[in-house]
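Me: I'd like to learn how to read a single-chain model feature by feature. Could you walk me through this one?

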Amino acid sequence: MSRRDLLFGRAATVSASVVFRPPWARPEAEFTHACTQCDACVRQCPQQVLVRGADGLPRFDATAGECTFCGECVAACDSDAFAPSLDPPWTIVAQVADRCLSAHGVVCASCRDPCPASAIHVPPAARGAALVDAERCTGCGACVGTCPVDAITLQHAPATEAIA
């Protein structure tokens, strides 16, 4: 539970069903089979955004900060749990919920400012919710922990079909 949730008496807002593995992780079934749960990737992460999940496997925690895609997690792993050739390293994108302050007439750009990809646009003078450009968003999570009302979440991007 975040300090913000505790202060406002809200239940934990993070869904336990959505798990984000580290960048370059193989598909879930392959990753869970290959990962030895040694925590080498968790210990090596300079941003400390990888944590050991309840299942013993590493997961990305965007509330802890931003993934810079440094690759240290991949380099630290002695198993076959990662596919360093994946480009992009994952298919996670940010989404903005209805509780966005700007959508309610409050001037706020706390999600836009830390975004290293400049993927978030906030209408001037609080004339609408923040908008995420899914094409530019890397899913790094820089915007998640900075939102004062937890309006930013990460989601797995919908799969797109290859055109033949």
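Me: Where should I start with the contacts: what share of those between residues at least 6 apart in sequence join residues at least 24 apart?

Reply: That share is 63% in this chain. Keep in mind that you're looking at a predicted model. Its mean pLDDT is 89, and 86% of the residues reach 70 or more.

Me: Which residues have pLDDT under 50?

Reply: Residues 12-16 stay under 50, and the model has 4 contacts for them beyond four places in sequence.

Me: How many helices and strands are there, and in what pattern do they follow each other?

Reply: You'll find 4 helices and 6 strands. Going along the sequence, the pattern reads α-α-α-β-β-α-β-β-β-β.

Me: And what about burial: what percentage of the chain counts as buried?

Reply: It's 39% of the 164 residues. As for the surface, the chain exposes about 9600 Å², with carbon and sulfur atoms supplying 54% of that area.

Me: How do I read the nonpolar core?

Reply: The general idea is that nonpolar side chains tend to be buried together in soluble globular proteins. Here the largest nonpolar core has 41 residues, and F60, F82 and L154 touch the most other members. Helix 2, helix 3 (40-44), helix 4, strand 3 and strand 6 (152-156) each give two or more residues to this core. Strand 3 gives the most, with 3 residues.

Me: Let me zoom in on one of those. Which residues does L154 touch, leaving out those up to four places away in sequence?

Reply: L154 touches F20, F60, A62, I92, V93, A94, G139, G141 and V144.

Me: Next, the aromatic rings. How should I describe a pair?

Reply: You use the distance of the centres and the angle of the planes. A search of the whole structure turns up 4 aromatic pairs. One of them joins W24 and F69, with 6.3 Å centre to centre and 90° between the planes, an edge-to-face arrangement. W24 sits in the loop between helix 1 (3-8) and helix 2 (28-34), while F69 is in the loop between strand 2 (58-60) and helix 4 (72-76), so this pair ties together parts 45 residues apart in sequence.

Me: Are those two residues buried or exposed?

Reply: W24 is buried, at 13% relative accessible area. F69 counts as partly exposed at 22%, because the cut-off for buried is under 20%.

Me: Which other ring pairs with F69, and in what geometry?

Reply: That's W90: the ring centres are 5.4 Å apart and the planes are at 80°, so this pair is edge-to-face too. W90 lies in the loop between helix 4 and strand 3 (92-96), and F69 in the loop between strand 2 and helix 4, so the pair ties together parts 21 residues apart in sequence. W90 is buried, with a relative accessible area of 10%. Zoom out and you get one aromatic cluster formed by W24, F60, F69 and W90.

Me: Which residues does a cis peptide bond join?

Reply: D87 and P88, with omega at about 5°. P88 belongs to the loop between helix 4 and strand 3.

Me: What about disulfides?

Reply: A disulfide is a covalent bond between the sulfur atoms of two cysteines. To call one here, you'd want the two sulfurs within 2.5 Å. The count comes to 0. For C111, the nearest cysteine sulfur belongs to C100, 6.0 Å away. C111 is buried, at 7% relative accessibility. C140 isn't in a disulfide either: the nearest cysteine sulfur, from C115, is 6.0 Å away. C140 is buried, with a relative accessible area of 7%.

Conventions: Residues are numbered from 1 along each chain as its sequence is written. Side-chain values use heavy atoms; hydrogens and water are left out. Rings of Phe, Tyr and Trp (its six-membered ring) pair if their centres lie within 6.5 Å; planes under 30 degrees apart count as stacked, over 60 as edge-to-face and the rest as tilted. Buried means under 20% relative accessible area, exposed over 50%, partly exposed in between (1.4 Å probe, protein chains only). A nonpolar core is a set of buried Ala, Val, Leu, Ile, Met, Phe, Trp, Tyr and Cys residues joined through side-chain atoms within 4.5 Å. Contact means heavy atoms within 4.5 Å. pLDDT is the predictor's confidence in each residue, from 0 to 100. Accessible areas come from the Shrake-Rupley method with a 1.4 Å probe; for residues, only the protein chains shown count as cover.
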